[in-house]
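User: Hi! I'm new to this one and would like a quick tour. Could you walk me through it?

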Amino acid sequence: MDRPDPPAPYQPPWWLKNGHVHTVFSSRARAHWIAKHTAPLQQSSERMILTTASGARLEAWVNAQVGRPTVVLIHGWLGHADSSYMLSAAASLSQAGYSVVRLNLRDHGETAHLNEALFHSARIDEVVDAVVQIKQSTDQNVGLLGFSLGGNFSLRVAKATGLHAIAVCPAMDPAATSLAIDDGLAIYRWFFLRKWRRALLAKQAAFPDIYDFGPAMQLNRVTSLTELFVREHTPYPNVADYFQRYTLTGPVLRDTPGTIVFAEDDPVIPPSGFEGLPDSLELVRVPRGGHCAFVTQPHKPTWVDHFAAARLAEVLS
């Protein structure tokens, strides 16, 4: 396949130089254009259910191109395969000649009914298993592209499999990210709590004899809800132990192949999490980009879409 030229270093439009404005604009204002622009991709996607060795069932949406490298995309926390940033990246990668697989993590998207046990961020084995199955289904090279918590997952999959991961604004330090959400602008706390409550209620509706999340609905901080969630719905004794299972700071990712793209003005991912990482990881530091935003123009693919296509061409060729 032709190798696309890497884009010039990212510079946001003047009206998106505020990280909060940039993040909210990217999340909300582009949704209609992306849905219209990516309609052919969505219509031609094939649904796949991957059953892992543990019995977990994960949903994936596949747009295959014969004889082309495959990119597995992983969404962020409480996102899904059809999130705007996922569709935007998938359409750009497909146009660049890649097969793309948009993976839904457990309970994300419309998949609460597929597994009785709840999603939590330490469930890495089932995601590794799903990616390995995708890898085994093709004789072409496979890479990973993850966003936010999906970036964290993609880096852990890369550590386990040796596949190259591009992680966009990955959550490296979940404790710091939780505090940034709670203590930052109220819109972020409201956004994540609203989506988490909806996800829990969907799980309760799917398994009404097992779950009652009434007490969780009364909590108004991500950190408070996390404490209740860990105590009642995970095998971990406390939040610190749970967070440690997927904290990726320091030497945790030694020898892991990957590229990390992050913005210094990201309102929910503190840049301190990217200090002291192993040399096997390429760090692309962008002064202004918001959280997984990197918008160039409202009705065009993002800078990170083009960056990912070019970087993957280098590592998958």
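User: How does helix 4 pass helix 11, in a left-handed or a right-handed crossing?

Analyst: Helix 4 passes helix 11 in a right-handed crossing. Keep in mind as we go that this is a predicted model.

User: Which residues make that contact?

Analyst: From helix 4, they are Ser-88, Ala-89, Ser-92 and Leu-93, and from helix 11, Asp-305, Ala-308, Ala-309 and Leu-312. Sorted by class, the contact of helix 4 with helix 11 has five nonpolar, two polar and one charged residues.

User: Let's move to helix 5 and helix 6. At what angle do those axes cross?

Analyst: Helix 5 (residues 125–136) and helix 6 (residues 149–161) have axes that cross at roughly 65° and come within 10 Å. That makes helix 5 roughly perpendicular to helix 6. Helix 5 also passes helix 6 in a right-handed crossing.

User: Who's touching there, and what classes are in the contact?

Analyst: Helix 5 brings Val-127, Val-128, Val-131 and Val-132, while helix 6 brings Phe-153, Val-157, Ala-160 and Thr-161. The contact of helix 5 with helix 6 has seven nonpolar, one polar and no charged residues.

User: What about Leu-155, is that buried or exposed?

Analyst: Leu-155 sits in helix 6. With 0% relative accessibility, Leu-155 counts as buried, because the cut-off for that is under 20%.

User: What does Leu-155 touch beyond residues up to four places away in sequence?

Analyst: Among them are Ala-165, Pro-170, Met-172, Leu-248, Ile-260 and Leu-281. Leu-248 is 93 residues from Leu-155 in sequence, but their C-alpha atoms are 8.5 Å apart in space.

User: New topic: where is His-22?

Analyst: His-22 is in helix 1, which spans residues 19–28. His-22 also counts as buried, at 0% relative accessibility.

User: What does the side chain of His-22 reach?

Analyst: It reaches the backbone nitrogen of Val-295, at 3.1 Å. Leaving aside neighbours within four places in sequence, His-22 has contacts including Tyr-10, Pro-12, Leu-16, Gly-289 and Phe-294.

User: Last one: which residues are buried in helix 7, and what covers them?

Analyst: In helix 7 (residues 174–183), the buried residues include Pro-174, Thr-177, Ser-178, Ala-180, Ile-181 and Asp-182. Their cover includes helix 8 (186–206), helix 9 (222–233) and helix 10 (239–244).

Terms used. Residues are numbered from 1 along each chain as its sequence is written. This is a predicted model: local features need pLDDT of at least 70, side-chain atom pairs count only at pLDDT 80 or more; totals for chains, interfaces and linings use all residues. Side-chain values use heavy atoms; hydrogens and water are left out. Axes are lines fitted to C-alpha atoms, for helices over the stretch in contact, and angles run from 0 to 180 degrees between N-to-C directions. Helices (H or I, at least four residues) and strands (E, at least two) are DSSP runs, numbered from the N terminus. Angles under 35 degrees count as roughly parallel, over 145 as roughly antiparallel, 65 to 115 as roughly perpendicular and the rest as oblique. A crossing is left-handed if the near helix is turned anticlockwise from the far one by less than a right angle, and right-handed if clockwise. Contact means heavy atoms within 4.5 Å. Ala, Val, Leu, Ile, Met, Phe, Trp, Tyr, Cys and Pro count as nonpolar, Asp, Glu, Lys and Arg as charged, and the others, Gly among them, as polar. Buried means under 20% relative accessible area, exposed over 50%, partly exposed in between (1.4 Å probe, protein chains only). A polar contact is a pair of N or O atoms within 3.5 Å; within protein, one must be able to donate a hydrogen and the other to accept it, and residues adjacent in sequence count only if both atoms are side-chain atoms.
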